[in-house]
Each structure stands twice: as structure tokens, then as C-alpha cells.
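Biologist: Before I use these labels, I would like to see the rule behind each one. Please take me through them.

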Amino acid sequence: MGRPLQMVIGVVAGLLLAGCADDWGVDQHGRKVAAGQLEGQWLVINYWAEWCKPCRTEIPELNRLEQELRDKGAQVLGVNFDALQGEALVKATEAFDIRFTVLAQDPAERLELPRNDVLPVTYIIGADGRLRERLVGEQTAAGLRARLDHWQSKE
């Protein structure tokens, strides 16, 4: 095997391994959330918990926003503040009627999000993976859409 072919095989193998490492874990249904699903997307990441009253009223707004953003280069993602996993996460998302993807693995470290001790909190992440804004407190679909539009217009 020639040197150029070995280099190409090495690069391809490295990219395949890196692609696996870049996955975002699984969602509330145990389905893999591949990096390719989120790459180049604007993300609205909301942290919620069962004991958080404002979270309960905010979830329908986030469901609405997810519907509005479908096929527009942006997605709503949820993260359970209490790090529920497996069946406990399934039950909580069903009880809240969450219709958007909830990540079982917290992406805070991956995205370098600031530590958060208050709920609800929502982060707007640019298509380049950089944090644009941290919004504390209950949000509406219209308010989040306006913030997202604001940041997207600056790109």
C-alpha cells in the first residue's frame, strides 16, 4: 500500500472515530442524537425540572417554538436539571407533554455553558456552536423567536 493511500485511510478512520465521539448521547426515547443532526443548527436549549412551576407553563411554549422552527435551521432541545435517566426521564417528559428532543446527557461542558443554579434557564447557541445568550426565567415562544431572530440577523 502506498504512502498517500495510508494517509487517506488514516484520515478517514480518524474522522469516523471523531464522529462517534461527537455524538450528543441519547434522547428521552433512547435514540442516538448524532452530531450531524445538530451541526450547523441554531439551538434553543432549555433546562427544566419536575419541581419547577414556571417550567410547567413554559413547556407548551417550547413545544410551539419547536413546531415553528421545524425546517428553519434551528431546534429546541431540553435538558432535565436533575439528570433523570432512562424510564424516569421518559415518565417526566410524558407527564410534561414535551414534544421536542430532551438530551439525556447535559451538553453544558461540550458547549462551555456557564454554571446554572436557577430554573428555568434557556440558552441560545449559534450555528457555530457558540453561546449567544442566557435567558433566566419563564420564556414564551414569541419572545424566544424574537431573540433567535435578533441573533440570526447579526450573522
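Biologist: What makes strand β1 and β2 a pair, and in which sense do they run?

Modeller: Two strands pair if DSSP finds at least two bridges between them. Strand β1 (residues 42-48) and β2 are joined by seven bridges in the parallel sense, so they meet the rule of at least two bridges. One example is V44, whose bridge partner in β2 is V76. The chain gets from β1 to β2 through helix α3 (residues 53-69), and this β-α-β crossover is right-handed. That term applies if, with the strands pointing away from the viewer, the path from the first strand over the helix to the second runs clockwise. Helices (H or I, at least four residues) and strands (E, at least two) are DSSP runs, numbered from the N terminus.

Biologist: Which strand pairs with β2 over three bridges?

Modeller: Strand β3 (residues 101-103) does, again in the parallel sense. L77 has T101 as its bridge partner in β3. Helix α4 (residues 86-95) carries the chain from β2 to β3 in a right-handed β-α-β crossover.

Biologist: Why is β2 called largely enclosed by the rest of the structure?

Modeller: Buried means under 20% relative accessible area, exposed over 50%, and partly exposed in between (1.4 Å probe, protein chains only). Seven of the seven residues of strand β2 (residues 74-80) are buried, so the strand is largely enclosed. Both faces are covered, with A74, V76, G78 and N80 buried on one side and Q75, L77 and V79 on the other.

Biologist: How do you know that D23 forms a salt bridge with K32?

Modeller: The rule asks for a side-chain nitrogen of Lys or Arg within 4 Å of a carboxyl oxygen of Asp or Glu. In D23 and K32 the closest N and O atoms are 3.3 Å apart, so the pair qualifies. D23 is buried at 18%, whereas K32 is exposed at 54%. By this rule the count comes to 11 salt bridges.

Biologist: What does the salt bridge between R132 and E155 tie together?

Modeller: Their closest N and O atoms are 3.0 Å apart. R132 lies in strand β5 (residues 131-136) and E155 in the segment after α6 (141-153), so the pair ties together parts 23 residues apart in sequence. R132 is buried at 12%, while E155 is exposed at 63%.

Biologist: What are the limits of the model?

Modeller: This is a predicted model, in which local features need pLDDT of at least 70, side-chain atom pairs count only at pLDDT 80 or more, and totals for chains, interfaces and linings use all residues. Residues are numbered from 1 along each chain as its sequence is written, and side-chain values use heavy atoms, with hydrogens and water left out.
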